[in-house]
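The exercises below are meant to be worked through slowly, with the sequence and the model side by side. Try each task yourself before reading its solution.

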Amino acid sequence: MSEDSRISRRKLLASLGVAGAVLATDSLLKGGVLGLAGRTERSAAAAVYGSDQTVTGAVYGSNPVELDIHANLITVSTVADLSTKSIDDAALILVSDPDRGGIFSYSTNVTPIDNGIVFGASDGNRWIRLGGETQPVNVKWFGAKGDGTTNDTAQIQAALNGYAAVYMPASTYLVSGLNVSGGRKIYTDGAATILKQTAGTPIGTRILLVAGSQVSIGLMSYEGNIATDTNEQNHALAIIATTTDLENIEVEGVIARSIRGDALYIGGGYTADTFRPRNISVGLVYSENVYRNGVSITSGENIHIQTCKSIKAGLFGVDIESNANKIIGVTFGSLETSSLGIIGHGTESPATNIKIDNLIIDGSLNNGVIVDYPTNDVLVNSGIVFRNAMNNEFGTVKISNTSRYAIESLKSGTQDGYCDTIVFHSLHIESCALTDSSALGYIVTGAINNFIVHSGSALFASGETTKALLFNCKSQTPLKINNFTLTNGVFGREVWAHIYKCRINVPDANVLTNAKAGSILSGCTIVSCLRLLSYCETCVIEYNDISYTFALYVNNTYSRHYELGNKINGIQNVVVTGVSYPTAGTWLKGDRVNNTNPTIGQPISWTCTTGGTPGVWSPDATAGGETLAAVTAKGGVTTSDVTINAALAADRLMIKEGANKTMGVAALASGTVTINTTAVTVNSRIFVTPGPNGTLNGSVRVSSIIPGVSFKITSTHSLDSADIFWFMVQAY
C-alpha cells in the first residue's frame, strides 16, 4: 500500500476556499487535475460513464466550453441544496460542507444518481463532483458520518459498489457488514480509520468481506461485540472464495479487538478442490480479545502474512485448519501467539508447505480473554498442534508457558493424523506442561514422520524427573534431535529417536525411558550419570562423553542389547541395580549388578562372566570386605549355575546341569554325540570322561566346536555307546 493512500483529499479541497475553488475549477475545465499526481486508478468518471474520459469530457465533450467562471459559480452550504439548483442558477456550484463539499458541474447527461459523485438538479439533470476521476472517492461524500453512533453501512457500501478506489478518512464508522467486490482499492488513514460493527448483527456477518479478486485494502482497525453477540462467525476481515477462486489480494494491516469470530479469516469451499483464495498478502495482523481465532486459514494457496500477534484468543491464536479444501503454501515472517494449529483434513487435503521464519509461542498471551470459547478444546492449551501436516518448516522458535504440551501431534477419528517432514532449525522450550497432569512431556510426535530439530534447548524446573523432552514419539521414522541442550527432566520417554551431539545437563540423567528398538544416542555430552530406564532394547549408544559417573546406568533387566563405544571414564559395560543377579534378559560379559541392599557377608555386586540369556554371573567382593572363603563359611554364595556352601560335607561345589549349561552327561551313539549349548565359545576348555554305563572300547575327545551352538565328542571306536561326562570352563 503506497504512502499517499493516507492523504486526505477532502481536506485539500476544503482548504482552497471559494477563491481557490474558482482557480481549481478553471484548471479543471481546461483539462487540469485536482488531486494527487501519478494516480493510475480508473477514474470516478470512468466508473460513472463507462469510459476513461474525464468528467469535463463527459459533460462538455472533448473541447470544453469556455465559461466565465466568475459569473457562473455560486456557493451553497450542503449537497442537499444541489437539488434546488439548475443551469439557470449557475454552471458551477461550490458546496462548503467540510465533509461532503466540493465543486459540482452542471450536466445534461442523465447518469445514475449516487449522492456522492452524482446528484440530481432541480430540472432533472445532474450535478457532478469535479476532481473525482483523479482520486479515490471519499466515503464521507456519500454521507458517512464517521461519528461511531450513526449507521454508515449504506453510505460506505454505495461508494464501494460504484467506484474502484475508495478513501476512508480517520473516523469511527458504525457498520453492520460491508462487501468488497473485485478490482477495488480501499485507502485509509491507518489505525485511526475504524470500522465498528453494530451490535446484534445476524450470524455470519463479517465487518469487511472480500468477495472478488484484485483487491487492495489499507491498514485499519476493526471493533466487534464479543461480549454481547451470540455467534462465532462475525469475523473482522474475511476473504472467502465461494463461487470462484479469489486471487491477488493485498491487505496492509488488520488491527482487531473484541471480535465475535476471527480477526482475519481466509478460506473457501468445504469440499476438496473447490474454490479457494490464492496469492494473498497481509502486512500486519494484531488481534486482541477474539472469540475464536486470531487468524483462521481454512483453504488457500500462496498466503503470506508478514507480522502477526494474537493475544487473548478463545481458541488458537492462529489456526491453519482445512475444511476439506487444500491449504498449500502459507508463510509468516514473524508470528507471536498463545497457540498455533496446523491441521489438515485427512490425507487428501493436508496442510502443506507451511513456513514460519520467527515464531514465539507464549501461553500467557491468552490470559484474561473477555469471553472464552464455550467448547474450548484441550488442544489449544498446547503450543503447536499438528495433524495431517506435510513439509512444514520453522526458523527460530521459542515455546513457553503452555499448560499442555509444547508440540503435539494427534489423530482424530478417520483422519489418521499422518504428518511428514516437520523441521525446526532452532527450537527453545521452557516452562511447558504447567497444569495438565496428563502431559508427561514437552514434545509428542507419535504421528509425525521425519521430525527434525537442528539445534535448540529445553529447560525444565529444577529437580524435574517425571517429564520428558520427547514423549510417545514412536512414528515410522525416528525423530532426529541434533545439537540440543536439555537441562533437568528426561530426554526421551517412549520414543524412537536419533539423538546426535546433544548436551544433556541433568542431575542423575534419565536420558531414555521405554525407548523403541533402534533408538540412537550418538556424540552427546552428558553431564551426569546416564540412566536408560525400562524396556530400552536394542538402542545404539555410541561415542558419547559422559562426565561425573563411572558407568552407563540401567535400572531394569530388560534394558539390553547396546552397541557400546562410549567414553565413560574407561568403563564400557552396563551397570544395573538389584538385590540379586539377573535370571532373565540377555547380558554381555562384563555387565554388573550392584546390590542395592547389601548386608555383611553378602556380595556388593555380581559380574557377568559369560554373556547369554541370562548369562553366567559371579559374585564380587562382599560387604565388609570379607574373602569368598569367609563368606562360604557363613552360609555360602549362590549364582544361577554355581553353589559354594561349606555347610555341605560332601558337595562343597555344585554346578547346575541342563540346557545351555557348562556341565552335563551325553550318551555316545555309534561312537559320537553332539551337545547343543549356547555357552560354548572359541575359548571353551572342555573336559570329558567316560561314565559307568554303556560300552567304551576306544578313547574319547572333543572333535569340533561351533561357538554359541554346539560341540561334538568322538570315540576312536565307532561302536562305542558309553555315557560321557563333560565339564566346560572358559579361558581368558
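**Exercise 1. The protein as a whole**

What percentage of the contacts in the protein with a separation of 6 or more is accounted for by residues 24 or more positions apart?

Solution. Begin by keeping in mind that this is a predicted model. Among contacts with a separation of 6 or more, residues 24 or more positions apart account for 58%. Next, look at the elements of secondary structure, which come to 6 helices and 59 strands. Then turn to burial: of the 732 residues in the protein, 53% are buried. Finally, consider the accessible surface, which comes to about 29,200 Å², with 51% of it belonging to carbon and sulfur atoms.

**Exercise 2. Confidence in the model**

Find what the mean pLDDT of the protein is, and then find where pLDDT stays under 50.

Solution. The mean pLDDT is 81, and 78% of the residues reach 70 or more. Along residues 1-69, however, pLDDT stays under 50, and for this stretch the model has 132 contacts beyond four places in sequence. A further stretch, residues 646-651, also has pLDDT below 50, and it has 5 contacts in the model beyond near neighbours in sequence. Where pLDDT is low, the predicted coordinates should not be read in detail.

**Exercise 3. Aromatic pairs**

Determine how many aromatic pairs a search of the whole structure finds, and then describe the pair of Phe394 and Phe424.

Solution. The search finds 9 aromatic pairs. In the pair formed by Phe394 and Phe424, the distance is 4.7 Å centre to centre and the angle between the planes is 10°, and the pair is stacked.

Tyr442 lies in strand β31 (residues 441-444), whereas Phe460 lies in the loop between β33 (456-459) and β34 (468-473), and so the pair ties together parts that are 18 residues apart in sequence. Both Tyr442 and Phe460 are buried.

**Exercise 4. Charges over rings**

Which ring has Arg129 over its face, and which has Arg260?

Solution. Arg129 lies over the face of Trp141, at a distance of 4.2 Å from the ring centre. Arg260, in turn, lies over the face of Tyr291, at 3.7 Å from the ring centre.

**Exercise 5. Backbone angles**

Locate Pro614, Asn353 and Lys501, and describe the backbone at each place.

Solution. The peptide bond from Thr613 to Pro614 is cis, with omega near 5°, and Pro614 lies in the loop between β49 (605-610) and β50 (616-619).

Asn353, although not a glycine, has a positive phi of about 60°, and its place is in strand β26 (residues 351-362). Since its relative accessibility is 36%, Asn353 counts as partly exposed. Lys501, which is not a glycine either, has a positive phi of about 50°, but Lys501 is found in the loop between β38 (497-500) and β39 (503-505). With 45% relative accessibility, Lys501 counts as partly exposed.

**Exercise 6. The surroundings of Val665**

Which residues is Val665 in contact with, leaving aside its neighbours within four places in sequence?

Solution. First place the residue: Val665 lies in strand β54 (residues 663-667), and at 46% relative accessibility it counts as partly exposed. Leaving aside the neighbours within four places in sequence, Val665 is in contact with Glu657, Asp723, Ile724, Phe725 and Trp726. Finally, compare sequence with space: Val665 and Val688 are 23 residues apart in sequence, and their C-alpha atoms are 9.5 Å apart.

Conventions:
Residues numbered from 1 in each chain as written. Predicted model: local features only at pLDDT ≥ 70, side-chain atom pairs only at ≥ 80, totals over all residues. Heavy atoms only, no water. Phe/Tyr/Trp six-rings, centres within 6.5 Å; stacked < 30°, edge-to-face > 60°. Helix = DSSP H or I, 4+ residues; strand = E, 2+ residues; numbered from the N terminus. Buried < 20%, exposed > 50% of the residue type's maximum accessible area, 1.4 Å probe, protein only. Lys NZ or Arg CZ within 6 Å of the ring centre and 35° of its normal. Contact = heavy atoms within 4.5 Å. Areas by Shrake-Rupley, 256 points an atom, 1.4 Å probe, with all protein chains shown as cover. pLDDT = per-residue confidence, 0-100.
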